[in-house]
Amino acid sequence: SRPTLIYQGALNVGRGIELAIDTMNYLSCYKLIIVGTGDIEVELRKRVINQKLFDRIEFTGRLEPSDLHRLTSTAWLGLSLEEDMGLNYRYALPNKIFDYIAAKVPILVSDLPEMRSVVDEYRVGIVVKNRDPKELALQISDFIEDKKLREMVEKNLQIASMELLWSNEEHK
C-alpha cells in the first residue's frame, strides 16, 4: 500500500544513492529499499540517520537472487541514478535495469544515452529531468499518481520482460 522505491546494486560512489536518500526528504509517505553492499555503505547509513529518514529507508545488505527478485517485484519504481562521471558511467547499461524489467517494475533512470534508449524504446519508465532532490521527488510522485501512465508502463513491461532476456541476447 505504501509506494516503494528500490535501489539494487553496489553501494559505491557515482551510483546516485545519495540523491535517492536526499529525495526521500520530499516523499514522506514513500519507502526506499537499498539492496547491496559497498564501500560507501557506512556513509550512506550515516546520511539516513543524520536526515532522520530511518523510518522510510531500509538497507537489506546483499540478497540471494531469488530473494532479490521477490523483493524487487514488490517495488513501485526501480532506481538507476548513475552520475555522468566519465565514459564508463555515461554509456553504462546496468544489470539492475534488466532486473527491474524482469520483475515488471517501472524504472527511473539517469539521462544517460544507453539508459535513456531503453526507456524511450520500450516505454518502461521515466528519465530523470533534474537531479535536484525536490524536483526529482515531484517527478516521482507525478509518475506514481498518474494512473494512466503507470498502466501503460505496466503493459509495456510485460512485453519488454519477454524481449529483454539473456537467452535472446547471448547469441549476439
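1. The buried residues of helix H6 (113–122) pack against strand S4 (77–80), helix H4 (87–90), H5, S5, S6 and helix H8 (147–163), where contact means heavy atoms within 4.5 Å. The helices (H or I, at least four residues) and strands (E, at least two) named here are DSSP runs, numbered from the N terminus. This is a predicted model, in which local features need pLDDT of at least 70 and side-chain atom pairs count only at pLDDT 80 or more, while totals for chains, interfaces and linings use all residues. Residues are numbered from 1 along each chain as its sequence is written, and side-chain values use heavy atoms, with hydrogens and water left out.

2. Which residues of H6 are buried? They are Met 115, Val 118, Val 119 and Tyr 122, with buried meaning under 20% relative accessible area, exposed over 50%, and partly exposed in between (1.4 Å probe, protein chains only). Seen down the axis of H6, these buried residues fall within an arc of 95°, so they line one face of the helix; the arc is that of the directions from the helix axis to the C-beta atoms.

3. Just after H6, Arg 123 takes a positive phi of about 50°, although this residue is not a glycine. Arg 123 sits in the loop that leads from H6 to strand S6 (125–127). Lys 104 likewise is not a glycine and has a positive phi, of about 60°, and its place is in the loop between helix H5 (95–102) and strand S5 (107–109). With a relative accessibility of 37%, Lys 104 counts as partly exposed.

4. The sheet is an open one, formed by six strands in the order S3-S2-S1-S4-S5-S6 with parallel pairing; two strands pair if DSSP finds at least two bridges between them. Strand S3 (57–61) and S6 stand at the edges, and because each has a single partner strand, one side of each is left without a neighbour in the sheet. From one strand to the next, the twist averages 20°, where axes are lines fitted to C-alpha atoms, for helices over the stretch in contact, and angles run from 0 to 180 degrees between N-to-C directions.

5. S5 and S6 run parallel and are joined by three bridges, and Leu 108 has Ile 126 in S6 as its bridge partner. Helix H7 (residues 133–145) packs on the sheet, where H7 touches strand S1 (4–8), S4, S5 and S6, and the direction of H7 makes about 160° with that of S6.

6. How many salt bridges does the model have? The count comes to ten, by the rule that a side-chain nitrogen of Lys or Arg lies within 4 Å of a carboxyl oxygen of Asp or Glu. One of them joins Arg 45 to Glu 41, with the closest N and O atoms 3.1 Å apart. These two residues are four apart in helix H2 (residues 41–50), which means that about one helical turn separates them. Arg 45 is partly exposed at 35% relative accessibility, whereas Glu 41, at 17%, counts as buried.

7. Arg 116 forms a salt bridge with Asp 111, with 2.6 Å between the closest N and O atoms, and Asp 111, Arg 116 and Asp 120 are linked in a network of salt bridges. Arg 116 is partly exposed at 31%, as is Asp 111 at 44%. Arg 90 and Asp 84 form a further salt bridge, with their closest N and O atoms 2.9 Å apart; here Arg 90 is partly exposed at 27% and Asp 84 is partly exposed at 43%.
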